[in-house]
Amino acid sequence: MGRVLLHVLACLGVIAIMLGIDPIILVIAAVSMVLKFLFRMLKTRIAFFREQRLMPLVKKYEYISRVFYMPDFAKELRMSRIDRLFIEEFDDCVPDFCSGV
């Protein structure tokens with residue numbers, strides 16, 4: 001509780017000094033903080049929607065990569081020769097994933 005009070009008093013002191021020097025500085029600082037907050041929200045929202053769009057490609061990419069390295073699937077891949085299909089799917093998936101869709 002004491003730390004919070006100390007921080008509040010420090011902020012009030014800085015605001016009082018800024019008001020004493022030039023009130024426009026306080027307005028500029030407040031506008032800057034609001035704009036930074038809004039742009040951060042926008043950036044987060046864009047990153048979230050990008051992540052949502054890429055999720056199916058990431059799952060496909062990870063599944064195909066995992067199939068090639070798991071011992072359970074290695075025997076089936078050698079016997080059925082389905083590895084060509086997986087490599088084709090992987091090659092189709094990588095450019096879409098790298099371009100960010």
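User: Why is Leu38 called partly exposed?

Analyst: This is a predicted model. Leu38, a residue of helix α2 (residues 23-69), has a relative accessible area of 46%. Buried means under 20% and exposed means over 50%, with partly exposed in between.

User: What makes Leu38 part of a nonpolar patch on the surface?

Analyst: A patch takes residues with over 30% relative accessible area and no salt bridge, and nonpolar side chains are joined within 5 Å. Leu38 is listed in the patch with Val27, Val31, Val34, Leu35, Phe37, Phe39, Met41, Leu42 and Ile46. Together these residues have about 970 Å² of accessible area.

User: Why does Ile64 count as buried?

Analyst: Ile64 lies in helix α2 and has a relative accessibility of 3%. Buried means under 20%; at 3%, Ile64 therefore counts as buried.

User: Which residues are in contact with Ile64, leaving aside its neighbours within four places in sequence?

Analyst: They are Phe86, Glu89 and Phe90, and contact here means heavy atoms within 4.5 Å. Ile64 and Phe86 are 22 residues apart in sequence, while their C-alpha atoms are 6.5 Å apart in space.

User: Why does Gly20 count as exposed?

Analyst: Gly20 belongs to helix α1 (residues 2-21). Its relative accessibility is 64%, and exposed means over 50%, so Gly20 counts as exposed. Between the C-alpha atoms of Gly20 and Ala74, which are 54 residues apart along the chain, the separation is 74 Å.

User: What makes helix α3 lie largely in the open?

Analyst: Helix α3 (residues 71-80) has 10 residues, and the number buried is one, so this helix lies largely in the open. Just after α3, Arg81 takes a positive phi of about 60°.

User: How do you know that the chain is more spread out than a compact globule?

Analyst: The chain has four helices and zero strands, and its elements run α-α-α-α from the N terminus on. Its radius of gyration is 27 Å, whereas the globule rule gives 13 Å for 101 residues; the value is well over the rule, so the chain is more spread out than a compact globule. The C-alpha trace spans about 80 × 30 × 15 Å along its principal axes. Buried residues make up 11% of the 101 residues.

Conventions. Residues numbered from 1 in each chain as written. Predicted model: local features only at pLDDT ≥ 70, side-chain atom pairs only at ≥ 80, totals over all residues. Heavy atoms only, no water. Patch = residues over 30% accessible without salt bridge, like charges linked within 9 Å, V, L, I, M, F, W, Y side chains within 5 Å. Areas by Shrake-Rupley, 256 points an atom, 1.4 Å probe, with all protein chains shown as cover. Salt bridge = Lys/Arg side-chain N within 4 Å of Asp/Glu carboxyl O. Helix = DSSP H or I, 4+ residues; strand = E, 2+ residues; numbered from the N terminus. Buried < 20%, exposed > 50% of the residue type's maximum accessible area, 1.4 Å probe, protein only. Rg over C-alpha atoms; globule rule 2.2 N^0.38 Å.
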